[in-house]
Amino acid sequence: MITLRPATLNDLELVEYWETKQHVIDCDPDDDWNWEEELRRNPAWREQLVAELDGEPIGFLQIIDPFLEETHYWGDVEPSKRAIDIWLGEENNLNKGYGTRIMELAIERCFQDPAVDGILIDPLKSNVKAHRFYKRLGFEFIEERIFEETVCFVFELRRKTVKAFLR
Ligand SMILES: CC(C)(COP(=O)(O)OP(=O)(O)OC[C@H]1O[C@@H](n2cnc3c(N)ncnc32)[C@H](O)[C@@H]1OP(=O)(O)O)[C@@H](O)C(=O)NCCC(=O)NCCS
């Protein structure tokens, strides 16, 4: 069974190790997550979560409110959104359906807040495997956009799409 729990400073070694993995580097080559500092704080606009498979950590998930996020990474964005980052730590856990289940839990978590009407994702333009993954979950392509000098595709999952999925 896959579950989500808050990431803490006890996860520092783990997330730093996952960050050395090639498939993780490939999806986020330029970002510095500043783990030691960030795992110590819990700003209201962010959740950093560890995904566990039968109690064993397998992946990392971050959910932010892009309107309130401090650096305004997303620029002008409505207050009714969430934005997600996700990766699995070990390459031998890829392609087993775990990511899909983690995203289902994340999507449910985001839309539990009735004020949220869409979830944003910004994979690299080159991460075509991730594009397929998100489209299968119902995310729709919005635009190509440059974030901090990196070319990305923005996708959004709208609440009404999820409802249609469930019908
Ligand atoms: C994206 C990711 C979370 C999906 O989880 P997963 O458990 O591998 O995915 P599932 O088994 O549920 O679904 C398989 C799909 O995941 C995607 N996927 C698989 N390996 C991937 C990889 N190395 N990078 C990106 N996407 C990948 C593909 O779309 C695949 O479907 P396909 O058969 O059409 O190729 C996981 O592959 C991962 O951590 N990838 C590397 C980091 C990354 O790209 N994160 C997204 C950044 S926006």
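**Reading the contacts**

Author: Start in helix 4, which holds both Arg 101 and Glu 104, three residues apart, about one turn of the helix. Helices (H or I, at least four residues) and strands (E, at least two) are DSSP runs, numbered from the N terminus. One caution: this is a predicted model, so local features need pLDDT of at least 70 and side-chain atom pairs pLDDT 80 or more, while totals for chains, interfaces and linings use all residues. Residues are numbered from 1 along each chain as its sequence is written, and side-chain values use heavy atoms, leaving out hydrogens and water.

Reader: What joins Arg 101 and Glu 104?

Author: A salt bridge, with the closest N and O atoms 2.9 Å apart. The term means a side-chain nitrogen of Lys or Arg within 4 Å of a carboxyl oxygen of Asp or Glu.

Reader: How many salt bridges does the structure hold?

Author: The count is 16. One of them joins the side chains of Arg 109 and Glu 47, at 2.9 Å from N to O. This pair links distant parts of the chain: Arg 109 sits in helix 4, Glu 47 in strand 2 (residues 46-53), and 62 residues separate them.

Reader: Where does Lys 125 find a partner?

Author: At Glu 144, through a salt bridge with 3.3 Å between the closest N and O atoms. Again distant parts of the chain are linked: Lys 125 is in the loop between strand 5 (118-121) and helix 5, Glu 144 is in strand 6, and they are 19 residues apart. Lys 125 is partly exposed at 39%. Glu 144 is partly exposed at 43%.

Reader: Which side chain meets that of Glu 52 in a polar contact?

Author: That of Arg 5, at 2.7 Å. A polar contact is a pair of N or O atoms within 3.5 Å; within protein, one must be able to donate a hydrogen and the other to accept it, and residues adjacent in sequence count only if both atoms are side-chain atoms. Glu 52 belongs to strand 2. Its relative accessible area is 15%, so Glu 52 is buried.

Reader: Now the strands. How many bridges join strand 6 to strand 7?

Author: Two strands pair if DSSP finds at least two bridges between them. Strand 6 (residues 140-147) and strand 7 (residues 150-158) have seven, and they run antiparallel. Ile 146 stands opposite Val 151 in strand 7. Phe 147 has Thr 150 as its bridge partner. The hairpin has two residues between the strands, and Glu 148 there takes a positive phi near 45 degrees. Tyr 73 is in the loop between strand 3 (56-64) and strand 4.

Reader: Which other strand pairs with strand 7?

Author: Strand 5 does, in the antiparallel sense, over four bridges. There, Ile 119 stands opposite Leu 157. Strand 7 is largely enclosed by the rest of the structure, because seven of its nine residues are buried.

Reader: Last, the ligand. How many residues surround the ligand?

Author: A residue counts if one of its heavy atoms lies within 4 Å. That gives 20 residues, the closest being Gly 97, Thr 100, Lys 129, Arg 132 and Arg 136. Helix 5 supplies the largest share, six residues. By class, ten are nonpolar, six polar and four charged. Ala, Val, Leu, Ile, Met, Phe, Trp, Tyr, Cys and Pro count as nonpolar, Asp, Glu, Lys and Arg as charged, and the others, Gly among them, as polar.

Terms used: Buried < 20%, exposed > 50% of the residue type's maximum accessible area, 1.4 Å probe, protein only.
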